[in-house]
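Please look over the sequence and the 3D structure below before reading on. The notes after it are grouped by topic.

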Amino acid sequence: MATKRVVIDPITRIEGHLRVEVVIDENNVIKDAYSSATLWRGIEVILKGRDPRDAGFMTQRICGVCTYSHYKAGITAVENALGIKPPLNALLTRTLLDFALFFHDHIVHFYQLHALDWVDILSALQADPKKASEEAFKYVPKGYNPIATGEDELREVQKRVANFAKKGDLGPFKNAYFGHKTMKFTPEQNLIALSHYLKTLEMQRIAAQMMAIFGGKNPHPQSLTVGGVTCIMDLQDPARLAEYMTKFKELADYTNRAYYADIVMAAAAYGNEPSVVQKNNLGNYLTYRTMQTSANGWLFDACGYIKDFDLGKFYEIDESKIEEDVTHSWYKDTGFRHPYNGETIPDYTGYVDGESVDGEGNLVKAKVANEKGKYSWIKSPRYDKEPMEVGPLACMVVNYAKGNEKVRKVVDEFLAQTGLPAEALFTTLGRTAARMLQTKTIADYGLEAFNNLVENLKVDQSTVAPYVIDKNKEYKGRFIGDVPRGMLSHWCRIKDGVIENWQAVVPSTWNAGPADGNGKKGAYEVNLIGMKLADPAKPLEVIRNIHSYDPCIACAVHVMDVKGKKLGEFKVDPLYGAC
Amino acid sequence: MLDVQKVKQRIAELRKLPGIAPKSISEILEENGFTRRDFLKWSGALAVTLGLPASFAPVVAEAAEVSDRLPVVWLHLAECTGCSESLLRTDAPTIDDLIFNYINLQYHDTIMAAAGWQAEENYEDALEKFKGRYVLCVEGGVPTKDGGEYLTIGPHAETGLHKLKRTAKDAAAIIAVGTCSSFGGIQAAAPNPTGAKGIHKVLSKPVINVPGCPPSAKNIVGTIVYVILFGQLPAVDNFNRPKFAYGLRIHDLCERRGHFDAGEFVEEFGSEEAMNGFCLYKKGCKGPYTFNNCSRERFNQHTSWPVQAGHGCIGCSEPDFWDSMAPYEEPLANHKFSSVSADATADKVGITILTVAGVAIAAHAAISAIKNPKE
């Protein structure tokens with residue numbers, strides 16, 4: 001059987017440097033796929049020997065998109081190691097920052113990064129604005145009206161884009177996949193989505209401000225400290241609290257009136273596009289509780305997984321079963337290792353000479369992955385030796401399986417409105433929808449955390465817990481929790497008052513890692529298999545599928561040590577084995 | 001330096017170049033609901049940001065009008081995309097956004113529609129079509145160890161180092177956006193496993209550094225407009241940072257400066273003093289050693305900045321700050337200063353200056369603390 005390879009490098013509209021290669025047969029059906037990260041930064045190595053109080057500021061720089069995730073994780077891992085329990089005010093304030101992050105990250109992902117896989121901007125110029133304006137009412141949730149889709153507004157959008165197109169140089173939209181066979185929106189639907197693309201540029205600024213109120217700035221907020229939060233003046237200021245609440249409501253409103261509606265619209269338009277509704281091949285989903293809303297409550301409270309797409313059975317996590325393998329990663333082989341025992345010796349072997357279908361459909365010389373050998377800077381995390389998908393989809397389906405009432409309500413209503421079966425969640429469309437449903441869950445229920453904070457502030461002013469770091473003691477601890485791209489964990493060990501060892505197992509590593517030593521492939525690679533490409537020169541189906549995970553590759557490739565250095569070793573504490 | 005005639009001449013030259021847009025920027029702004037007056041107001045504000053006399057406002061406006069003659073290529077190296085995200089936040093005035101769109105962004109892999117071969121084609125086309133005319137913005141440090149193998153880009157697995165050098169060759173101006181491309185950044189912190197460097201270390205052309213982790217959008221846009229105005233790099237300090245943005249210390253315009261002078265310090269986060277907004281120097285604020293305009297411009301449309309949120313500055317726009325400013329929550333003068341950077345000579349100079357300043361400031365803090373009747 002004659003097969004051909006299509007190299008896609010760079011995958012754009014993501015964070016970081018990623019390459020994906022697919023092998024197609026004579027019918028353009030994907031037979032195999034390889035995911036390769038092309039950058040290594042080595043931040044954990046840099047953390048060794050540093051003041052534990054500094055760790056959060058450095059881990060934060062792992063990623064500027066999920067800019068708060070690694071900050072909170074770095075701070076929390078140290079608190080966990082030192083046995084610090086931050087005051088409730090601090091914990092809830094951190095949740096407020098999470099809300100801002102999720103709102104920001106998810107709407108920007110869908111509209112600025114992912115939308116160009118679904119929306120044909122030039123087609124929107126052919127739309128009838130009146131018709132589009134009326135159509136927009138079809139997709140909103142019950143009790144809501146659409147936003148930014150009035151006929152007057154849509155006419156303005158068309159005018160603005162028409163002027164832009166007339167330039168003759170589309171700038172960042174040049175060479176897009178407009179007109180591709182798998183683009184399914186009608187001109188009117190494209191116009192609705194385009195209007196929201198522009199509106200989101202405005203809304204994302206509000207979400208960033210929302211974070212800055214208690215975070216000091218965005219990206220890279222700076223108000224967390226080991227033991228609590230520093231923004232005590234802002235928390236004592238009723239005007240600041242009101243400012244936050246107002247912005248939260250604006251974002252919540254936008255989530256329902258635009259984001260939710262556009263996903264319902266996409267479900268209607270793309271419901272029969274095979275590349276979008278092809279069922280995932282990997283049926284394991286893993287998540288960990290996130291967004292604390294009260295002393296003992298979490299908005300998404302599940303810590304565990306489901307297997308084989310089975311929404312009927314929830315399994316609790318056992319942290320000792322988290323391991324990483326490097327068989328196909330650019331490190332000397334160590335076998336499967338728990339993050340506490342991780343050892344990483346860089347061993348870059350590069351790509352090999354090969355051929356790829358190029359942008360014209362011709363076979364040309366290219367560098368390709370050495371599929372039998374090593375081909376990525378990302379490791380392969382496994383749970384109990386099995387690959388797992390993490391991310392909003394995992395968060396939603398596992399919480400659903402566990403019986404989280406809020407998640408069930410949001411998911412069931414969406415399925416009822418779209419007429420989709422639950423099984424449709426396990427697709428490219430479902431992954432993109434789940435991110436929105438996670439945002440909607442925050443929009444509909446998040447203010448509970450805010451109200452609890454306000455109540456608590458009336459009786460308790462503490463924002464930081466005191467602590468000491470005993471230089472004669474050894475500490476170890478970790479953070480685990482879902483961040484916008486899925487389950488993140490940071491593992492640390494402190495000795496002589498400084499960081500002895502630091503490891504992070506990040507969401508995109510779970511999803512984007514190469515095959516492991518047992519030949520089991522991660523989510524990116526295995527879920528592409530079986531997909532048919534309309535035109536191998538323009539592999540939009542692959543790009544759309546990969547974007548549906550919201551790749552964050554800087555996060556995935558920092559997890560390394562320098563040559564020959566051991567990252568320390570000790571056994572997993574069974575105390576951390578349950579959540 | 002501030003010769004209006006020269007600037008006008010420069011703009012006249014630019015005007016002769018073919019533009020991308022069929023309409024002038026003022027026409028486009030007008031279509032988007034901005035009046036000529038709004039535009040001039042914006043120009044005036046930007047002139048102030050740039051540290052120019054008010055008489056320059058109309059010239060700034062003229063410069064913005066010819067800005068589409070300068071295509072921009074934005075290259076991502078070893079980075080976290082925080083700088084691009086910062087740029088995305090630009091707002092008040094919304095015109096910034098339009099200006100940025102209008103400057104003809106030819107390549108930016110976070111927002112461009114094309115991927116893979118199509119993206120490569122855009123890149124090569126831009127370099128060819130706008131040879132010698134494009135502004136190169138670089139986000140991220142450049143890994144140099146082992147031939148730069150720690151970063152490859154594109155179907156031919158070209159190293160970031162090679163791509164940077166090749167792209168810089170025909171660039172009209174090179175702007176390092178953020179601390180990573182300016183000074184190496186987080187990945188260059190000791191022991192710098194990938195040999196990451198600021199891009200000026202591997203290029204033979206002048207590079208203007210716009211550091212910060214991330215820098216504010218105003219500083220980025222301001223720098224680009226400056227390049228257009230003068231056809232050269234703006235006035236810079238020792239570290240090639242534009243003086244208009246990095247001319248003052250954070251400390252100079254800090255809202256808590258009065259408390260510093262009065263000797264009122266936060267000793268513990270979460271304390272009464274913290275609630276009263278006292279100075280954060282003793283909690284490690286590096287504002288006295290850090291040159292940037294955060295205390296004036298703040299972030300996210302003036303919503304806040306770290307010091308307002310109760311945390312000290314960590315010195316993120318200074319070279320080598322990850323090593324030289326640590327620990328971030330302790331005053332610099334409290335501990336022996338030892339840098340682990342490779343560039344020992346530059347460091348020694350920096351250390352001396354920092355230490356002298358540090359000792360003086362610590363002395364002030366101590367003396368004022370004694371004088372303070374509250375203590």
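This is a predicted model: local features need pLDDT of at least 70, side-chain atom pairs count only at pLDDT 80 or more; totals for chains, interfaces and linings use all residues.

Residues are numbered from 1 along each chain as its sequence is written, and chains are lettered from A and ligands numbered from 1 in the order in which they are written.

**Core**
- The largest nonpolar core contains 274 residues; such a core is a set of buried Ala, Val, Leu, Ile, Met, Phe, Trp, Tyr and Cys residues joined through C-beta atoms within 7 Å.
- A residue is buried if 20 or more other C-beta atoms, placed from the backbone, lie within 10 Å of its own.
- Among the residues with the most contacts inside this core are V397(A) and V138(B).
- Leaving aside neighbours within four places in sequence, V138(B) is in contact (C-beta atoms, placed from the backbone, within 7 Å) with residues including L75(B), I174(B) and I199(B).

**Chain B against chain A**
- In chain B, 74 residues are in contact with 80 residues of chain A.
- The largest share of this side of chain B, six residues, comes from α7(B); helices are DSSP runs (H or I) of at least four residues, and strands (E) of at least two, numbered from the N terminus.

**Sheet in chain A**
- Three strands make an open antiparallel sheet in the order β6-β9-β10 (chain A); two strands pair if DSSP finds at least two bridges between them.
- β6 and β10 of chain A stand at the edges with a single partner strand each, so one side of each lacks a neighbour in the sheet.
- G304(A) stands opposite E316(A) in β10(A).

Notes. A residue is buried if 20 or more other C-beta atoms lie within 10 Å of its own, exposed if 12 or fewer, and partly exposed in between; C-beta atoms are placed from the backbone. Two residues are in contact if their C-beta atoms, placed from the backbone, lie within 7 Å.
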